[in-house]
Amino acid sequence: AASSPDEAADDSDATDGEEAPLRFAVGDAMRGGGGGGERIVLVFADASGRWPGKGFFRSVSALSGKPQAAYEAAHENGDLSLGDAHLVECGSGLAVCLLVVLKRDKRAPHGTPPDLCAASLDAALARLAPVAARRGASLHSPRLPSGGGGGAWYSVERLLRKHAAVQTTVYYFKR
């Protein structure tokens with residue numbers, strides 16, 4: 001990993017010529033650099049319609065209230081389903097893509113993180129990729145924690161490489 005949000009390192013270990021290399025950086029994906037073009041920040045969400053007030057969601061809300069409002073409106077209108085990708089324009093060359101890819105086990109104890117659904121992420125990124133390419137936008141993703149919903153991070157990386165034909169940066173948040 002690089003030592004600052006501005007200092008991203010290319011990861012050139014992609015084996016398939018069609019896969020885009022990922023860049024890794026330390027910092028907040030909402031505030032990361034994008035090389036001057038449009039930035040699309042990925043937000044991994046569930047279909048509950050409840051916007052968390054902590055973690056990366058707090059960072060998103062601090063820059064714009066539009067993603068939360070769009071997420072809650074989509075839920076109210078029955079438009080949050082696994083595999084969805086909701087693109088929310090935030091202005092100034094920034095958009096947030098709400099990827100509905102997390103599943104909550106209703107039987108799990110309160111506070112248990114949701115699980116990543118790789119098939120839903122595959123579908124959501126397949127919807128987003130052509131839009132990002134057409135706009136010439138760069139993608140910016142937080143690195144999910146290693147426990148709970150982030151246990152399948154290898155799948156996330158593989159799918160980002162598969163679908164993203166544009167510059168994609170994954171951010172490790174420095175605590």
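1. In this note, two residues are in contact when heavy atoms of theirs lie within 4.5 Å. The model is predicted, and local features are described only at pLDDT of at least 70, side-chain atom pairs only at pLDDT 80 or more, while totals for chains, interfaces and linings use all residues. Residues are numbered from 1 along each chain as its sequence is written, and side-chain values use heavy atoms, with hydrogens and water left out.

2. Overall architecture. The chain contains four helices and nine strands, taken as DSSP runs numbered from the N terminus (helices: H or I, at least four residues; strands: E, at least two). Their order along the sequence is β-β-β-α-α-β-β-β-β-α-β-α-β. Among contacts with a separation of 6 or more, 63% join residues 24 or more positions apart.

3. Burial and surface. Of the 175 residues, 46% count as buried, where buried means under 20% relative accessible area, exposed means over 50%, and partly exposed lies in between (1.4 Å probe, protein chains only). The accessible surface of the chain is about 9000 Å², and carbon and sulfur atoms hold 49% of that surface. Areas follow the Shrake-Rupley method with a 1.4 Å probe; for residues, only the protein chains shown count as cover.

4. Nonpolar cores. A nonpolar core is a set of buried Ala, Val, Leu, Ile, Met, Phe, Trp, Tyr and Cys residues joined through side-chain atoms within 4.5 Å. The largest has 26 residues, and Ile-40, Leu-42, Phe-44, Leu-99 and Leu-121 have the most contacts inside it. At least two residues of this core come from each of strand S2 (22-26), strand S3 (39-45), S5, helix H3 (118-135) and helix H4 (153-163). H3 gives the most, with five residues. A second, separate core has 20 residues, including Val-41, Val-43, Val-60 and Val-96.

5. Leu-99. Beyond its neighbours within four places in sequence, Leu-99 is in contact with several residues, among them Leu-42, Phe-44, Asp-84, Leu-121 and Leu-125.

6. His-86. This residue is found in strand S4 and counts as buried because its relative accessibility is 17%. Its side chain makes a polar contact with the side chain of Asp-84 at 3.5 Å; such a contact is a pair of N or O atoms within 3.5 Å, one able to donate a hydrogen and the other to accept it within protein, and residues adjacent in sequence count only if both atoms are side-chain atoms.

7. Ser-92. The loop between strand S4 (85-91) and strand S5 (94-100) holds Ser-92. Its phi is near 55°, a positive value in a residue other than glycine. Ser-92 counts as exposed because its relative accessibility is 86%.
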